[in-house]
2 protein chains.
Amino acid sequence: MKKKKKNENSSKIFEGHDHGACFGDAITQIEDYFIQKKLQLTPLRRKVFEILIEDHKPLGAYEILDKLGKAGFSSSPPIAYRVLDFLIEHGFVHKVQGLNAFIACSNPKHSHFPTFVICRKCEKVAEVSEEKSGLNLPSPEITNFKIEKTTIELTGICSTCENAEIR
Amino acid sequence: MKKKKKNENSSKIFEGHDHGACFGDAITQIEDYFIQKKLQLTPLRRKVFEILIEDHKPLGAYEILDKLGKAGFSSSPPIAYRVLDFLIEHGFVHKVQGLNAFIACSNPKHSHFPTFVICRKCEKVAEVSEEKSGLNLPSPEITNFKIEKTTIELTGICSTCENAEIR
DNA sequence: GATTAGTGTGTTATGTTATAACATGTAATG
DNA sequence: CATTACATGTTATAACATAACACACTAATC
Ligand SMILES: [Zn+2]
Ligand SMILES: [Zn+2]
Ligand SMILES: [Zn+2]
Ligand SMILES: [Zn+2]
């Protein structure tokens with residue numbers, strides 16, 4: 001009895017997911033959040049978020065600008081950067097520093113001290129929540145430092161790519 | 001008798017240190033390492049490292065280039081970036097992604113999964129070794145991902161600056 | 001000892017990422 | 001209707017980084 005639980009093998013962080021559901025959930029979540037916080041989910045902001053959640057992979061600001069242009073929006077740099085900053089501020093987008101790229105948050109309801117796991121070969125990026133990353137932040141060394149923001153990125157090679165490597 | 005032990009209060013990661021000794025030690029360490037590994041510690045490489053260890057704070061590539069220029073070296077961008085890449089590769093320099101800047105490693109003998117603690121107000125940056133950061137990386141979630149490089153940066157406000165803030 | 005390969009530096013040009021500063025439009029508030 | 005807040009648009013430029021090629025020096029290799 002019991003359906004097979006997803007993520008029973010917890011180590012497969014790069015595995016695919018039901019992206020149709022993911023996309024819909026994400027849109028619903030951002031809509032609800034914006035209403036609740038009395039923020040404006042304008043066409044531009046919505047479009048930027050959709051662009052990011054659609055591919056669900058990191059995109060550079062100028063890639064986003066291209067897509068905005070094709071969708072009829074202005075595509076001068078400040079347009080993208082401003083909206084991205086706004087979405088980041090509200091936890092719906094993260095910047096992946098190691099790639100100078102932006103990615104939709106996998107779960108805005110969770111902590112905002114996420115870890116990004118980046119395969120240098122297939123370039124897949126997985127967001128791992130604080131709870132699951134095992135990175136227990138505030139150490140004795142840094143207890144009197146007030147952490148406001150974290151950048152935690154683990155770069156390496158995923159098992160799939162490693163197995164494929166010619167050694 | 002006993003000299004006062006440094007870092008007895010382990011939480012004061014931003015505290016000053018005996019930089020004369022630090023500077024000397026760092027130079028000795030890099031010299032030894034280069035000899036042992038049969039690498040060339042050329043005047044340019046030495047100068048770049050000296051520039052970084054002298055201030056012992058993050059410097060942008062173009063700041064380093066300025067200083068190189070004033071010291072009689074070429075100051076076109078590839079000069080700095082090449083040497084920085086080399087020093088990073090060998091663990092004597094780290095890049096602080098959040099600042100697009102480079103900083104001399106506080107202890108090249110230690111792990112190379114360091115944590116950087118960055119005060120957004122006074123802009124001080126402290127490198128905390130893996131051992132002391134409390135960030136025990138390989139979590140169950142990511143055990144079949146081979147980590148090659150980490151970027152761990154904690155941005156916030158140090159206790160000194162927080163106490164000084166007008167609330 | 002000429003040839004080759006490896007390494008380190010120099011130079012020019014260009015690519016990529018990000019922001020400053022200012023202008024315009026629209027809606028809510030008084 | 002003046003004022004404010006906010007969202008977007010535009011131009012120009014700043015800041016960060018790399019490609020591609022040239023040259024010098026050293027150390028093998030033939
Ligand atoms: Zn997230
Ligand atoms: Zn991979
Ligand atoms: Zn270090
Ligand atoms: Zn501070």
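Predicted model: local features only at pLDDT ≥ 70, side-chain atom pairs only at ≥ 80, totals over all residues.
Residues are numbered from 1 along each chain as its sequence is written, chains are lettered from A and ligands numbered from 1 in the order in which they are written, and side-chain values use heavy atoms, without hydrogens or water.

H94(A) sits in strand β1 (residues 93-96) of chain A, while C105(A) is in the loop between β2 (101-104) and β3 (115-119). The two are 11 residues apart, and the pair links distant parts of the chain. Helices (H or I, at least four residues) and strands (E, at least two) are DSSP runs, numbered from the N terminus. Both H94(A) and C105(A) are buried. Buried means under 20% relative accessible area, exposed over 50%, and partly exposed in between (1.4 Å probe, protein chains only).

**C119(A) lies in strand β3 of chain A.** Its relative accessibility is 0%, so C119(A) counts as buried. Contact means heavy atoms within 4.5 Å. Neighbours within four places in sequence aside, C119(A) contacts F14(A), K124(A), G156(A), I157(A), C158(A) and C161(A), as well as F145(B). C161(A) is 42 residues away along the chain from C119(A), and their C-alpha atoms are 8.2 Å apart.

**Chain A contains 6 helices and 5 strands.** Along the sequence the order is α-α-α-α-β-β-β-β-α-β-α. Of the 167 residues in chain A, 43% are buried. Among the contacts of chain A with a separation of 6 or more, 52% join residues 24 or more positions apart.

**Strands β1 (residues 93-96) and β2 (residues 101-104) of chain B pair in the antiparallel sense.** Two strands pair if DSSP finds at least two bridges between them; here there are 4 bridges. H94(B) has I103(B) in β2(B) as its bridge partner. The two strands form a hairpin with 4 residues between them. In the turn, N100(B) has a positive phi of about 45°. In a regular strand, side chains alternate between the two faces of the sheet. Both faces of β2(B) are covered. A101(B) and I103(B) are buried on one side, F102(B) and A104(B) on the other.

**DNA strand D has 15 protein residues around it.** T42(A), R45(A), R82(A), Y62(B) and K95(B) come nearest. Sugar and phosphate make up 48% of the atoms of DNA strand D that come within 4 Å of the protein. A residue is near a strand or molecule if one of its heavy atoms lies within 4 Å of it. The side chain of R45(A) places an N or O atom 2.9 Å from a sugar or linking oxygen of DNA strand D. For S74(A), a side-chain N or O atom is 3.4 Å from a phosphate oxygen of DNA strand D. For Y62(B), a side-chain N or O atom is 2.7 Å from a base nitrogen of DNA strand D. Two or more residues of the surface near DNA strand D come from each of α2 (43-55) and α4 (77-89) of chain A and α4 (77-89) of chain B. That surface has 7 nonpolar, 5 polar and 3 charged residues. Ala, Val, Leu, Ile, Met, Phe, Trp, Tyr, Cys and Pro count as nonpolar, Asp, Glu, Lys and Arg as charged, and the others, Gly among them, as polar.

**DNA strand C is surrounded by 15 residues.** The closest are Y62(A), K95(A), T42(B), S76(B) and R82(B). Of the atoms of DNA strand C that come within 4 Å of the protein, 49% belong to sugar and phosphate. A side-chain N or O atom of K95(A) is 2.4 Å from a phosphate oxygen of DNA strand C. R45(B) has a side-chain N or O atom 3.2 Å from a sugar or linking oxygen of DNA strand C. S74(B) has one 3.4 Å from a phosphate oxygen of DNA strand C. At least two residues of this surface come from each of α4 of chain A, α2 (43-55) of chain B and α4 of chain B. The surface near DNA strand C divides into 7 nonpolar, 5 polar and 3 charged residues.

Conventions: Polar contact = N/O pair within 3.5 Å; in protein donor to acceptor, adjacent residues only side chain to side chain.
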